[in-house]
Amino acid sequence: MHDVHEWPSSLVRTVKRHRDPVVVQALRSTVAATIAYVIAKWLSPEPAPLTAPLTALLVVQVTLFATLKMSIRRVNAVVAGVIVAIAFSLLVGLTWWSLALVILAGLGVGHLVRVDEFVVEVAISAMLVLGVTTVGSTAWARVVETLIGATVGLFCNLLLAPPVWTEQAGESIEGLARRMRQLMLHMGEEAAGGVPAEQAAARLHEARRLDHDISDVDAALRQAEDSLRLNPRVREGLLNRVVLRTGLDTLEICTVVLRVLARSFTDLTKQREPEPLFSPQAGPLVQQLLCEMADAVVSYAVLVTTDVSESAESAEARLAAELRQAAATRDKLAQQLLEEVQRDTSQWQLRGAVLTEVNRIIDEMDIEHRSHRLLEELDRHTREQRERRPRLTRLADQLGTPVKLGRDREDTARRSS
């Protein structure tokens, strides 16, 4: 028997599990497919109208934006396949060579009508319809079932709002930042003491593997961006997309610079072996600097993924303090390296490269730099939207809605400064 005090925590876990986007998506897909089958059973002459639930299952995607695209493409694919089948049924029956021609024609028509991933669906629809004796009624039934499934899928997205995947994207961004932090901490520990060239090369390979992490985070972010488009649960979707995207772009630049920094450490280790990577005076400063930068990277990721204004202000204040401390330590390290270079000019290029790469990472995470980048991206998106929809833009201006851009700019500035 569980303790009564364990009930609240169990209840919280259950609620979170039911709010998980994967669980929500599974429930939405099941409901849409079931409703589509019930409606098709009532309207379609087919005894088992499975095309309707299949269509609903396919078009009820992760996001409403993707659902609209999937619905239009799938309906076009089915209608194109039915037309191909009707055309062939008027000329020939079902034989092995007519089946081959139907498949070839269906795939060709699919590319012509630009249904993208549903090219095969054109050929499948044509085969299924051609293989039935009563072509006319079957073709009509298949089109009706497809329309029913697509319509139900769209209504389910409107009534049962799709999940927003920004939390998962934020977790991916923070996970990337924490992996970068671990790498910086290890590099700092090795900079303070002696390290063989093989171990320094291993850190370089670890930095290069961050590129794969960037790809995974980018995929999660694209899913989150789609979930914000046309979603009735989301306000200021453009602002959220821009904040997340610019945050990932900054971290991607930092990973590139970190990889270059690891390469500089590796080259410096090879040239100084068997001596330590840095002098006894500079080594601890390098370790301290990398530790402070590692904390700043995590704080930057937390700031990017934080929605609540009070939490964002706290994360921004913490990031600003960490960047100031890192800049002060960088200045001490620069002075120390300058004194050492004046005594010994060997490896001065690599030592200067280390400072350059450190400066680049600190500058990329600068608060003012982030604010400027956010406003630039927001203006670019707005300008592109105006160019794509000039008539809609003119109508919005006549109705007095252009102030929306000003509100977005104010919100962006508030979240970033």
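Analyst: Asp218 and Arg245 are both buried; buried stands for under 20% relative accessible area, exposed for over 50%, and partly exposed for what lies in between (1.4 Å probe, protein chains only). The model is predicted, so local features need pLDDT of at least 70 and side-chain atom pairs pLDDT 80 or more, while totals for chains, interfaces and linings use all residues. Residues are numbered from 1 along each chain as its sequence is written, and side-chain values use heavy atoms, leaving out hydrogens and water.

User: What do the side chains of Asp218 and Arg245 form?

Analyst: Side chains of opposite charge can pair when their charged atoms come close. Asp218 and Arg245 form a salt bridge at 2.6 Å, N to O; the term asks for a side-chain nitrogen of Lys or Arg within 4 Å of a carboxyl oxygen of Asp or Glu. Asp218 is in helix 9 and Arg245 in helix 10, so this bridge links distant parts of the chain, 27 residues apart. Helices here are DSSP runs (H or I, at least four residues), numbered from the N terminus.

User: How many salt bridges does a search of the whole structure find?

Analyst: The search finds twelve. One of them joins Arg203 and Glu190 at 2.7 Å, N to O. Because Arg203 belongs to helix 9 and Glu190 to helix 8, the pair ties together parts that are 13 residues apart in sequence. Arg203 is buried at 18% relative accessible area, and Glu190 is buried at 10%.

User: Is Arg360 buried or partly exposed?

Analyst: Arg360 is partly exposed, with a relative accessibility of 41%. Its salt bridge partner is Glu364, at 3.2 Å, N to O. Both residues lie in helix 13, four residues apart, about one turn of the helix. Glu364 is buried, at 9%. Elsewhere, shared partners join the salt bridges of Glu190, Arg203 and Glu206 into one network.

User: Which residues touch the most other members of the largest nonpolar core?

Analyst: In soluble globular proteins, nonpolar side chains tend to be buried together. A nonpolar core is a set of buried Ala, Val, Leu, Ile, Met, Phe, Trp, Tyr and Cys residues joined through side-chain atoms within 4.5 Å. The largest one has 61 residues, and Phe265, Phe278 and Met293 touch the most other members. Helix 11 gives the most to this core, 15 residues. Beyond its neighbours within four places in sequence, Phe265 is in contact (heavy atoms within 4.5 Å) with residues including Met187, Phe278, Leu290 and Val354. Another core, of ten residues, lies apart from the largest one, with Ala36, Ala56, Val60 and Ile148 among them.

Methods. Helix = DSSP H or I, 4+ residues; strand = E, 2+ residues; numbered from the N terminus.
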